[in-house]
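Here are some exercises to work through with the model open beside you. Take each solution one step at a time.

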Amino acid sequence: MNEAEILKQADKALEELEEDINTYHALAWTIPFDREAIGKVQGIIDFYELRKSQWMKLLAGADEIRRRTVLELMTCADLEIEGAKSVLYMIQGNEAKAN
Amino acid sequence: MPSEDTNLDKYLNYSGPDQVVTSFELDDILKQSNEHAVCVKSKMPTLDRLLEGFESGELIAISGPRKSGKTLFAQSLTVNFLPTKSLWFSYEVTLKQFLRTFPELPLFMSPLKLKAYSLPWLKERILEALFKHGIGVVFIDHLHFLFDLVRARNTSLEIGQVVRFLKTLAIDYNLIIFLLCHMRKVDLTEEPTDADVRDSSLVSSESDTGLIMWRLVDTENQTIVKVAYSRRTGVLDKKFKVAKINGLLREVQNE
């Protein structure tokens with residue numbers, strides 16, 4: 001794969017991530033605080049954990065551009081997971097952990 | 001109230017990383033993940049022809065009697081695999097000695113200090129090298145530094161656990177892992193087999209490829225490398241000759 005193709009692929013991945021973030025971030029803050037909500041927020045966490053494990057597989061033998069892109073994606077996913085966990089604590093009434 | 005095992009919704013709507021899929025779906029998923037698979041060539045023509053290179057997710061066992069050239073062979077692969085970067089765990093010789101044995105220092109990664117008998121530590125350093133440098137290959141020299149022989153209750157089973165742990169790491173992170181193993185005392189006049197790997201037959205049953213090396217006693221610097229088995233290509237017991245040339249092992253033609 002040449003540099004242009006890698007950049008194109010990285011751009012596409014970042015675009016997808018942004019869409020995910022917009023969709024799931026909005027969802028995270030608007031869902032009602034009930035049992036169903038816990039399942040949904042847990043789903044968000046699982047979703048990003050799954051993405052992270054997929055991105056991890058791109059690191060082996062990666063050149064500098066791909067490596068940095070993957071790290072950026074994973075940092076974004078970590079923030080989303082942290083946010084979702086915070087929402088989960090709020091749902092469960094654990095304000096201290098939520099903050 | 002439906003019992004757990006007759007809760008249709010739970011099973012019909014289940015999706016997750018471990019969900020059951022059809023062979024066609026599986027094929028599609030594997031094709032997509034193959035786009036990012038690492039495949040490296042040894043630049044030893046016979047080996048590359050027999051194995052079609054080394055692929056990510058594979059665990060390769062290199063075994064042979066002491067002084068058969070296992071470490072030098074692995075060092076030669078490190079050089080030949082570039083630009084794919086390797087991470088080295090050189091337990092057997094000091095880092096200073098290890099660096100000096102390269103005729104010209106190539107790029108590879110290594111922890112500053114090594115910790116024996118700790119698989120969690122090994123995994124942490126592999127992930128560090130993956131994040132920091134995007135390594136594709138890992139060399140571990142050698143197996144018996146990964147578990148404590150003194151404390152081991154059942155050496156063979158513990159080696160099996162270590163080997164399975166490494167195989168899982170290779171698959172999870174798309175890495176190629178080379179594991180160097182000693183052999184029990186073998187008669188140097190006879191050709192060694194994978195059954196001679198010290199303490200465990202589980203090494204050969206859990207690894208994808210087994211390479212066995214032994215020195216030719218009647219020559220100064222020649223070694224035989226045997227591809228004892230390769231699960232991917234189905235090769236069994238094929239041999240070629242290597243010799244130390246300019247400080248590294250290179251394939252030589254049979255005379």
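Helices (H or I, at least four residues) and strands (E, at least two) are DSSP runs, numbered from the N terminus. This is a predicted model, where local features need pLDDT of at least 70, side-chain atom pairs count only at pLDDT 80 or more, and totals for chains, interfaces and linings use all residues. Residues are numbered from 1 along each chain as its sequence is written, chains are lettered from A and ligands numbered from 1 in the order in which they are written, and side-chain values use heavy atoms, leaving out hydrogens and water.

**Exercise 1.** Find where Arg67(A) and Glu64(A) lie, and how their side chains meet.

*Solution.* Start with the helix: both residues lie in helix H3 of chain A, 3 residues apart, about one turn of the helix. The term asks for a side-chain nitrogen of Lys or Arg within 4 Å of a carboxyl oxygen of Asp or Glu.

**Exercise 2.** Which residues do shared partners join to Glu64(A) in one network?

*Solution.* First, Arg68(A) also forms a salt bridge with Glu64(A), with the closest N and O atoms 3.2 Å apart. Salt bridges that share partners then join Glu64(A), Arg67(A) and Arg68(A) into one network.

**Exercise 3.** Is Arg67(A) buried or exposed, and what about Arg68(A)?

*Solution.* Recall the cut-offs: buried means under 20% relative accessible area, exposed over 50%, partly exposed in between (1.4 Å probe, protein chains only). Arg67(A), at 9%, counts as buried. Arg68(A), at 53%, counts as exposed. Glu64(A), at 37%, counts as partly exposed.
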